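Hello,

Here is the structure I promised to pass on to you. My notes on what turned up in it follow below.

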Amino acid sequence: MTIPRMHVLFPFDPDTLLSGVKEFEAALLKELKKRNLENEVKVLETGSIGVTGKGILMVVYPEGVYYSNLKISDIPRIVEEHFIKGRPVKEFFLGEVPARFVKREKLGLVREQRRVVLENAGIIDPENIEEYIATGGYEALEKVLTSMKPEEVIDEVKKSGLRGRGGAGFPTGLKWELTRKAEGDEKYIICNADEGEPGTFKDRLILEGDPHKLLEGMIIGGYAIGASKGYIYVRGEYELSINRMQKAIDDAYKYNILGKNILGTDFSFDLEIKKGAGAYVCGEETALIESLEGKRGQPRNKPPYPVTHGLWMKPTAVNNVETIANVPPIVMRGAEWFRKLGTEKCPGTKVFTILGHVVYPGLIEVEMGTTLRDIIFNYGGGIKDGKKFKGALVGGAAGVFVPQKLLDVKMDFDSLKEYKAVLGSGAILVLNEDTCMVDMLFSIIRFFKHESCGQCSPCRIGTYELYTLINKVRSGEAKEEDLEMMIGLSEVMNDSSFCPLGQSLIMPVKSAIENFREEFVAHFDKNYRCEKCRR
Amino acid sequence: MTREEIFKKYGKSKDNLLYIMHDVQDNNPRHYLSEEDLKEVANWLGLSYSYVHGVATFYSMYSLKPRGKYIIRVCESPTCHLMGSSDIILELVKHLGVGIGETTKDELFTLELTSCIGVCGVAPAMMINNEAYGNLTPERIAQIIEEKRREAR
């Protein structure tokens, strides 16, 4: 057997695929064959490395060189110079290398990420189960099945302090314990991969970059709560995620990691993917369960909660993708290790998406409690085109507009709560000085108006009324009292809506109007010109 | 796959309604669920037509109107909006000569809006069938549409 002296990694994600990475890879393989290098240089496909908008990317080891914006016509030169003569072609290096995708390599950069759930994403081939196993994958599962009682698993997760990464921050261990203790002959574990929060694609990176980590976490979770069946509910729009996940499940069955008597133990567990059909509200756990049962995805009355009355009214634990992906590392390395990361009340890491007017839009995983300033200015590279920072929408559409003065807020569940803000999905949309806040709020309200499921009147009518009001502001027909009306209306919606969809509009509405009131007031003037509001 | 084959693949379990409709729609050359489709699905699962219709209209990925060969779905969520999706939508409307939710006369393109498609790093973005397009500018729209027109010939 020949051991390759070089490894070439191609991150496959929607961005690189649309840049033509597949054709590029085929052309490179052809060139390697032509030059008799196919045994020396091994080409691998990996998941996203979190870099976006830089065309075709290629990572070459052992040097750990990142190439970007590659064209097929560049291949002969790279092969000749780098692969044969050992001189990396500087011209194609990924510009000023942002620290955020540098993991184990040292490129003279100061900053590093702390990757736990994304530790393998972009490093291993997500479609190859053996690569996952080679990184220590499924060892946690083996440990659990051969040496731990379900209660001990729950205990370890409880001790770790892991909290749900879907937005609410509910303690995962407690959720599992409640499900385990609930009465019922059959129990289920569901992974919520209906990632619909605008500006969020962290779960997609896990599904596409390291699907087996999620599988492993699901099986461990199933064992802990006493379930023999699990579901992964993925957005219908995430075609690549569904395919990768399905491949992972099929392989796991072949390796007896799923199915009957897993790894020769008494534990049996089946896992199935369910595909959504485009409805934001299905991210709410009871709506998701309704959808899984083949119905309209309308939220149920709570209580009872899914832990006692979930899928088919049986005890069900619904966990977010990122939450579950944290489980194998916790089991393997222990609760104490996990607690060393992040803050006391919010241990661990968090995956954030940094978007909008920043130099490096993309995704990072850092410890809980990292400041917003750090994330935007160091990892995100600051504001693009030398503009000034105006604010950031933190937590997705159901998030809060954070003004400049709060930039030093720590990004974790509790610190944000002090400012009536939320961590939400971890989406950070950065706005520069040219942004019109009225226009941004309009976009959010329009989104909610479209996604309101129509089941309860406060949300159905409220979103419509808010939409009318924000349009009044846009067109210059609003008065001061309309702003008060908007805040009052969203407060009523917060008090009386059936589910978090209608309840959360108060956050963007209130924070936009309160923090940027002058701008709203300026729009009252008929002569005020605003390009964004098209007047 | 025929409708009957899809039905057999999933069996008569009501919780499979969404997946059956996904497959039936994908198999329809006009990418939609016809009245007949819905009736047959309802019959197969022993559900009422109104129930099936209710589910189909709840989710945005199902269409009850015939659509074109290429379904263009432009993201209009806050990130893409911030990065200029309104101009992209206007350009598409102008270039295709249809409004949102409409199909061109040659049955090639249907223009739709969608919420976040998860490629926000390259906003503004859209999807044409299952392919994502990012970093869009009004100029690129014309190119992409022309490319698709050539491809269809």
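Leaving aside residues up to four places away in sequence, A:Gly356 touches A:Leu429, A:Val430, B:Leu82 and B:Met83, where contact means heavy atoms within 4.5 Å. Before going on, please note that this is a predicted model, in which local features need pLDDT of at least 70 and side-chain atom pairs count only at pLDDT 80 or more, while totals for chains, interfaces and linings use all residues. Residues are numbered from 1 along each chain as its sequence is written, chains are lettered from A and ligands numbered from 1 in the order in which they are written, and side-chain values use heavy atoms, with hydrogens and water left out.

A:Gly356 belongs to strand S9 (residues 349-356) of chain A; helices (H or I, at least four residues) and strands (E, at least two) are DSSP runs, numbered from the N terminus. With a relative accessible area of 5%, A:Gly356 is buried. Here buried means under 20% relative accessible area, exposed over 50%, and partly exposed in between (1.4 Å probe, protein chains only). Its C-alpha atom is separated by 36 Å from that of A:Pro306, 50 residues apart along the chain.

S9 of chain A sits in an open sheet of five strands, ordered S10-S9-S13-S11-S12, with mixed pairing; two strands pair if DSSP finds at least two bridges between them. Strand S10 (362-367) and strand S12 (400-403) of chain A are the edge strands, each pairing on one side only. From one strand to the next the twist averages 30°, with axes as lines fitted to C-alpha atoms, for helices over the stretch in contact, and angles from 0 to 180 degrees between N-to-C directions. S9(A) and S10(A) are antiparallel, joined over six bridges, and A:Val351 stands opposite A:Glu365 in S10(A). Helix H17 (residues 437-451) of chain A packs on this sheet, touching strand S11 (389-394), S12 and strand S13 (427-432) of chain A, and its direction makes about 160° with that of S12(A).

Chain B has an open sheet too, with four strands in the order S2-S1-S3-S4 and mixed pairing. Strand S2 (109-114) and strand S4 (131-133) of chain B each have a single partner strand, so one side of each is left without a neighbour in the sheet. Neighbouring strands of this sheet are turned by 25° against each other on average, direction ignored. Helix H6 (residues 85-96) of chain B packs on the sheet and touches strand S1 (70-75), S2 and S3 of chain B; its direction makes about 155° with that of S1(B).

Is B:Ser77 buried or exposed? At 2% relative accessibility, B:Ser77 counts as buried. Not counting residues up to four places away in sequence, B:Ser77 touches A:Pro198, A:Ser443, B:Thr114 and B:Cys116.

Finally, have a look at strand S5 (residues 188-193) of chain A: six of its six residues are buried, so S5(A) is largely enclosed by the rest of the structure. A:Tyr188, A:Ile190 and A:Asn192 cover one side, and A:Ile189, A:Cys191 and A:Ala193 the other, all of them buried. S5(A) pairs in the parallel sense with strand S6 (residues 229-234) of chain A over six bridges, and with strand S8 (residues 316-320) of chain A over five bridges.

Best wishes
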